[in-house]
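Dear colleague,

I am handing over the structure we spoke of, and below it you will find my notes on what was found in it. Please read them with the coordinates open beside you.

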Amino acid sequence: MKRTSRTKHFEPPRWTRRSSLVGLAAVLAVVAARPAMAADVQKAKCDLHAVHLTKQGDGSIPPELSFLERELRDDQFAAYKGFRLLERKDVVIAAKTPTKAAFRTGHNLGLTLLGGDAKRLRIRAALSNRSGDRTLVQTTYAIDDGGVFLLGGPSYNGGKLLFAIRCRGQRG
Amino acid sequence: MSHPSFEPETLSAYHDGELPPEDAARVEAALRADPKLARETEAIDELGTALRAVLEADANDVPDARFEQIWDAIEREIDAQVAPESTGLVARLRAWWGGAWARPALAVAGVSVASLALFFALRDPPRDAQDTQVAAGRPTPAQAEPSPEPPPAKAGVPSGDVAQPVAAPTPGGPPALAAATVEDDASNEAEVEFIEFQGSSGRIERIEGRRGTTTVIWVREDEPVDTERDL
């Protein structure tokens, strides 16, 4: 579209510029406050669940996986009828300090607490393959304190593995 | 376009065999006498045939696994209703089940549930912008985090993992006995700031869970991931 001279010389009214300045100041204030919030939580306690998904089974969800029932009933998992908790690990992750959880399946799940406050955590996760010699995926995510994050897909014993990560920040 | 003495609902009910015998006889007599009315009921018949054909075509697109899941859910629901009751109620339910009308009624209920499930299955769910296929080792610009992330992991250890294992197996027996602990109000919705699939590919999915939307990262190793989307 051809630009008109009117557009070129358009000048916003004064009140618009004032509002923009106030908005910019608010954004800067939030950005400046963010590091202080991020430094609030120095440790987080995480429970990690390794779940085996198979096509054989009666479709029931065992009690120890009830916290994942709604997710496992989703269409994403419609191809699977067997859900079994292979292993659960409890780990404490510290700020900026990588922590590795080695599962009996051979997979390693690396976790690092990058920051967070009372409500939200920022975490880096890295999942290796079964022999532990290759990283399949690494990701950084922010999630509510106590929220569940899922990493799935590695093949295992005729099925697939699903890793559920749930962390809660610890103050002090 | 309906016959002066019959509402369209009446003709439709006649077509579906839902009219009382005396009303049905009245409609039949009118059909014999009025060719225009007969054509109108033929149109209803054609409409029903076309509708059934469309629904059947839609149903064919739903994987068998999904239908199995729906029937499993129906059976579980029936079991859950029967199990905790007293034997008296069980006996009454058995008597009910023995009734000639009960099985068709249950079948109709089952078809209704399946239709609802089909409707929701075929509905295009709202997708988050991050519900994206990501090529192996190549995060999209929107997902890439330029500076704070470490370089790709070295062979043998996932990125950033150093020899500092603090993982401890859950005490108190095999994993199958380890119960889930806390149920709280935390949302599972995660904001994925960075992702990198190394030597493989994958995707980010969002699914509805108990605490809102749950983020799932699916890694595709050497073989395709067997999810319903791949069927």
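In this predicted model, helix H1 of chain B passes helix H3 of chain B in a right-handed crossing. H1(B) covers residues 8–15 and H3(B) residues 35–60, and the two pack at an angle of about 65°, with their axes 10 Å apart. On the H1(B) side the meeting residues are B:Leu11, B:Ser12 and B:His15, and they face B:Leu37, B:Glu40, B:Thr41, B:Ile44 and B:Asp45 of H3(B). Sorted by class, this contact consists of 3 nonpolar, 3 polar and 2 charged residues.

H3(B) also packs against helix H2 of chain B, residues 21–33, here at an angle of about 115° and with the axes 5 Å apart. From H2(B) the contact takes in B:Ala30, B:Leu31 and B:Ala33, while H3(B) supplies B:Pro35, B:Leu37, B:Ala38 and B:Thr41. By class there are 6 nonpolar residues and 1 polar residue in this contact, and no charged ones.

As for H3(B) itself, its 26 residues reach 37 Å from the first C-alpha to the last, which is close to the 38 Å expected at 1.5 Å a residue. B:Leu37, B:Glu40, B:Thr41 and B:Gly48 are buried in this helix, and the buried residues of H3(B) pack against H1 and H2 of chain B.

Turning to the strands, which chains contribute to the open sheet of 5 strands? Its order is S3(A)-S4(A)-S5(A)-S6(A)-S3(B), with antiparallel pairing, so that both chain A and chain B have strands in it. From one strand to the next the twist averages 20°.

Within that sheet, strand S6 of chain A, residues 135–144, is mostly covered, with 9 of its 10 residues buried. S6(A) pairs in the antiparallel sense with strand S5 of chain A, residues 120–128, over 9 bridges. In this pairing A:Ala125 stands opposite A:Thr139 of S6(A), and A:Leu121 has A:Ile143 as its bridge partner. S6(A) is also joined by 7 bridges to strand S3 of chain B, residues 190–197, and these two strands run antiparallel; here A:Val137 stands opposite B:Phe197.

The hairpin of S5(A) and S6(A) has 6 residues between its strands, and A:Gly132 there takes a positive phi near 75°. The loop between S5 and S6 of chain A also holds A:Asn129. Is A:Asn129 buried or exposed? Its relative accessible area is 7%, and A:Asn129 is therefore buried, since that value falls under the 20% cut-off. Leaving aside neighbours within four places in sequence, A:Asn129 is in contact with A:Gly106, A:His107, A:Asn108, A:Arg134 and A:Leu136, and also with B:Glu221 of chain B.

A:Leu114 belongs to strand S4 of chain A, residues 108–116. With a relative accessibility of 13%, A:Leu114 counts as buried because this too is under 20%. Not counting residues up to four places away in sequence, A:Leu114 touches A:Lys96, A:Arg122, A:Ile123, A:Arg124 and A:Thr140. A:Leu114 and A:Ala142 lie 28 residues apart in sequence and 9.3 Å apart in space, C-alpha to C-alpha.

Two residues deserve a look at their backbone. Most residues other than glycine have a negative phi, whereas A:Lys96 has a positive phi, near 65°. A:Lys96, one of the residues touched by A:Leu114, is found in the loop between strand S2 (82–94) and S3 of chain A. With a relative accessible area of 59%, A:Lys96 is exposed, because the value is over 50%. The other is A:Asn157, whose phi is also positive, near 45°, and which is found in the loop between strand S7 (148–156) and strand S8 (159–170) of chain A. A:Asn157 is likewise exposed, with a relative accessible area of 53%.

With best regards

Note on methods:
Residues numbered from 1 in each chain as written. Chains lettered and ligands numbered in written order. Predicted model: local features only at pLDDT ≥ 70, side-chain atom pairs only at ≥ 80, totals over all residues. Heavy atoms only, no water. Buried < 20%, exposed > 50% of the residue type's maximum accessible area, 1.4 Å probe, protein only. Helix = DSSP H or I, 4+ residues; strand = E, 2+ residues; numbered from the N terminus. Pairing = 2+ DSSP bridges. Axes fitted to C-alpha atoms, helices over the stretch in contact; angles between N-to-C directions. Contact = heavy atoms within 4.5 Å. Left-handed = near helix turned anticlockwise from the far one by under 90°. Nonpolar A, V, L, I, M, F, W, Y, C, P; charged D, E, K, R; others polar. Expected span 1.5 Å × (residues − 1).
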